[in-house]
Amino acid sequence: MLPSYLTVAAILFCIGLYGALVKRNAIIVLLSLELMLNAVNLNLVAFSKYGVVPSLTGQIFSLFTITVAAAEAAIGVAILFALFRLRGTVNVDEFDKMRR
Amino acid sequence: MEMYSQAAWLIPLFPLAAFLVLTALGRSFRRAGVLIGTLGSLAAFVLSLFIVIDRLDANTVDYNYAFDWMKIGDYTLRIGFEVTNLTAMMLVVVTLVSFLVNVYSAGYMKNDERITVFYGYVSLFTFSMLGLVLSDNLLSLYIFWELVGVCSFLLVGFWYAKPKARAAAKKAFIVTRIGDAGLLLGILLLFWYMPGHALDFTTIQSVFDGQSGAITTGITTLIALLIFLGAVGKSGQFPLHVWLPDAMEGPTPISALIHAATMVAAGVFLIARTYDIFQDSAAAMETVAYIGGFTAIFAATIALAQNDIKRILAYSTVSQLGYMMMALGLGSLTGGVFHLFTHAFFKALLFLGAGSIIHAVHTQNIHEMGGLGAKMKVTAWTFAIGALALSGIPPLSGFWSKDMILTAAFETNPLLFFVGLAAAFCTALYMSRLFFLVFTGKPGAASSGAQESPVTMTLPLVVLAVPAVAAGFVETPWNGWFGSWLSGEAEAAHGSGVAIVASIAVGLLGIYVGWLVYGKGSVSRTALADRVPWLVKLLERSYYVDELYAVFVVKPLKLLGAILIVIDEYVIGGLVRLTGIATVSAGRLAARLQNGQVQTYSLAAVIGFVIIVIALVGRRFLP
């Protein structure tokens with residue numbers, strides 16, 4: 001059973017990674033980050049059930065991750081708001097101040 | 001007993017202090033600058049005089065003080081000063097001439113803008129020369145040896161606005177450099193072979209005592225010849241004599257101080273100081289003797305045909321230095337040093353006299369002078385004394401020292417004896433030519449407005465005339481006081497009637513011939529030029545040595561330089577430019593990666609991560 005869970009998680013992670021690297025809209029990028037986090041959560045839960053040493057720790061840990069992800073999404077969206085007010089856009093490729 | 005000798009280290013410090021003060025504050029005062037320079041050399045002279053008086057007693061021992069300069073591994077380099085009778089004599093000669101030149105320059109350089117700079121340089125030179133004399137080892141001697149070379153360069157090129165002075169300064173520096181390189185090699189060889197790597201003169205003396213055999217004869221000869229090469233450069237011996245006549249572009253007091261009395265005698269002093277090395281090698285001694293003898297006659301014949309008063313004296317200096325070298329090579333240390341001693345006084349006198357004449361007539365061509373004797377009495381009389389001393393007329397100082405050299409040659413090497421006699425004849429001839437052309441006869445083109453120089457210039461002439469007359473009496477054929485004082489061993493009375501008679505005869509004959517041609521005029525001046533024009537031309541152009549060097553040394557070197565410039569420009573410079581271009585374009589490329597797009601960066605990070613994973617995982621599948 002474990003491999004199928006892991007496969008799903010890997011696919012999810014790759015979609016998230018693709019979105020984070022390719023999408024121009026910052027909101028989509030944030031969503032993609034959430035996707036990757038959830039892929040990790042899936043792994044944690046899968047291993048806590050079918051791993052070599054099954055225990056509840058993985059499931060508890062995934063709960064923590066969800067909490068942290070919620071906080072992170074809140075902060076990310078807040079930053080995006082601030083950025084949008086400042087620059088009038090949410091396109092990631094226009095945020096290239098680090099160039100200079 | 002040697003109370004003053006212990007304070008000898010103070011002597012160079014007086015001129016050094018004068019130099020430092022003049023350099024720091026010189027521009028703000030003019031008259032006081034002259035005073036400071038003169039006082040510095042006067043103090044040095046007084047202390048030197050005390051030392052010599054202190055050492056006149058026959059039982060004085062050499063005083064040496066040295067301290068550890070640096071420790072390298074097991075080797076300790078000691079440095080210090082040493083007062084022997086030879087150095088004491090040199091101290092007096094250097095400081096006396098330096099002091100008188102300081103006094104003289106107050107008049108001669110009076111209207112020069114940079115007179116305080118001049119005094120600073122003279123003080124620096126005096127300091128370096130005294131340091132050279134006092135050095136107790138070859139290494140510090142070499143340091144001061146280079147310092148006097150620098151001072152010579154600065155002072156020859158003092159009027160650097162004149163292109164000729166600039167060229168002469170460079171020539172003087174570069175030509176003596178050839179000799180200096182030899183000296184440095186000699187010192188390094190000596191350092192390598194000496195037991196304990198000692199370079200101080202006391203140890204050198206004990207190692208090269210002729211029987212210890214610590215160093216083989218071949219190496220000894222090599223070391224001696226390399227040291228002699230240094231002396232050849234500094235003392236203007238053939239074939240490195242070419243810089244000395246050109247050095248006359250410098251101010252005349254400098255010619256008297258550096259290029260007649262002191263620095264050029266440093267070569268003779270160096271050989272006298274390391275005489276034990278030379279005595280261990282017959283081949284080196286012979287080389288010194290023959291080079292010296294050849295230079296003596298070679299330069300004396302050139303002086304016959306020169307028309308510039310300072311160039312005549314310069315070639316005369318070269319010739320007299322050749323005499324000293326010849327004496328040293330013939331084994332007569334006393335003769336060489338004695339001639340150095342007397343020559344310093346009368347040649348400085350002659351140069352200062354020439355300076356006084358140039359100051360009055362503003363030309364250096366002796367054919368434009370004439371009839372100056374009546375107008376410049378003091379200069380004429382003192383110049384006559386110097387000329388007679390140089391020509392070797394008894395009882396003036398030059399006679400005794402030249403006679404001693406000729407006697408040494410007569411006893412050991414007849415060929416060099418005749419060379420010496422011929423050179424003595426030429427010396428008397430060119431000096432009488434110079435004297436009669438300048439001081440007697442009809443007034444020349446430039447001598448109309450001439451008048452006697454101020455007392456600051458004539459006083460040194462009078463003072464120098466005294467030793468020029470009397471300095472010879474310290475060593476006469478029946479009184480070997482100077483020789484025994486110098487070497488510390490009782491010397492038997494020497495002297496040979498033949499040599500004395502011959503030397504007086506050629507001296508008088510030379511003056512007589514000079515008088516016939518240039519004084520009385522009973523022989524036409526152009527008699528020789530009409531019969532053998534090529535010979536006169538040859539002498540006028542100094543045997544075309546400069547031209548030969550230009551063709552065989554300077555031109556090839558310039559060609560080599562041009563080639564090296566091309567290599568430097570296109571090969572070395574090309575490499576440098578290539579490195580620059582490569583770095584800049586690499587930077588441009590890297591800058592393009594830095595586009596500020598966070599997503600690109602993370603993409604790069606992901607690609608890197610994937611590569612690492614592939615590498616780590618792929619390793620498993622490798623055999």
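This is a predicted model: local features need pLDDT of at least 70, side-chain atom pairs count only at pLDDT 80 or more; totals for chains, interfaces and linings use all residues.

Let me start with the helix pair. In chain B, helix α14, residues 282-304, packs against helix α19, residues 414-439, with an angle of about 25° and a distance of 9 Å between their axes. Angles under 35 degrees count as roughly parallel, so α14(B) is roughly parallel to α19(B). The crossing of α14(B) and α19(B) is left-handed.

Which residues make the contact? From α14(B), they include Gly293(B), Ala296(B), Ile297(B) and Ala300(B). From α19(B), they include Val419(B), Gly420(B), Ala423(B) and Tyr430(B). Taken together, the residues of this contact comprise 13 nonpolar, 4 polar and no charged.

I turn now to the peptide bonds. The bond from Phe238(B) to Pro239(B) is cis, its omega being near 5°. Pro239(B) belongs to the loop between α9 and α10 of chain B. Pro394(B) and Pro395(B) are also joined by a cis peptide bond, with omega about 0°, and Pro395(B) sits in the loop between α17 and α18 of chain B.

Finally, the phi angles. His362(B), a residue other than glycine, has a positive phi near 60°; the loop that holds His362(B) runs between α16 and α17 of chain B. Is His362(B) buried or exposed? His362(B) is exposed, because 11 other C-beta atoms lie within 10 Å. Tyr544(B), not a glycine either, has a positive phi of about 60° and lies in the loop between α24 and α25 of chain B. Tyr544(B) has 12 C-beta neighbours inside 10 Å and therefore counts as exposed.

Definitions and conventions
Residues are numbered from 1 along each chain as its sequence is written. Chains are lettered from A and ligands numbered from 1 in the order in which they are written. Axes are lines fitted to C-alpha atoms, for helices over the stretch in contact, and angles run from 0 to 180 degrees between N-to-C directions. Helices (H or I, at least four residues) and strands (E, at least two) are DSSP runs, numbered from the N terminus. Angles under 35 degrees count as roughly parallel, over 145 as roughly antiparallel, 65 to 115 as roughly perpendicular and the rest as oblique. A crossing is left-handed if the near helix is turned anticlockwise from the far one by less than a right angle, and right-handed if clockwise. Two residues are in contact if their C-beta atoms, placed from the backbone, lie within 7 Å. Ala, Val, Leu, Ile, Met, Phe, Trp, Tyr, Cys and Pro count as nonpolar, Asp, Glu, Lys and Arg as charged, and the others, Gly among them, as polar. A residue is buried if 20 or more other C-beta atoms lie within 10 Å of its own, exposed if 12 or fewer, and partly exposed in between; C-beta atoms are placed from the backbone.
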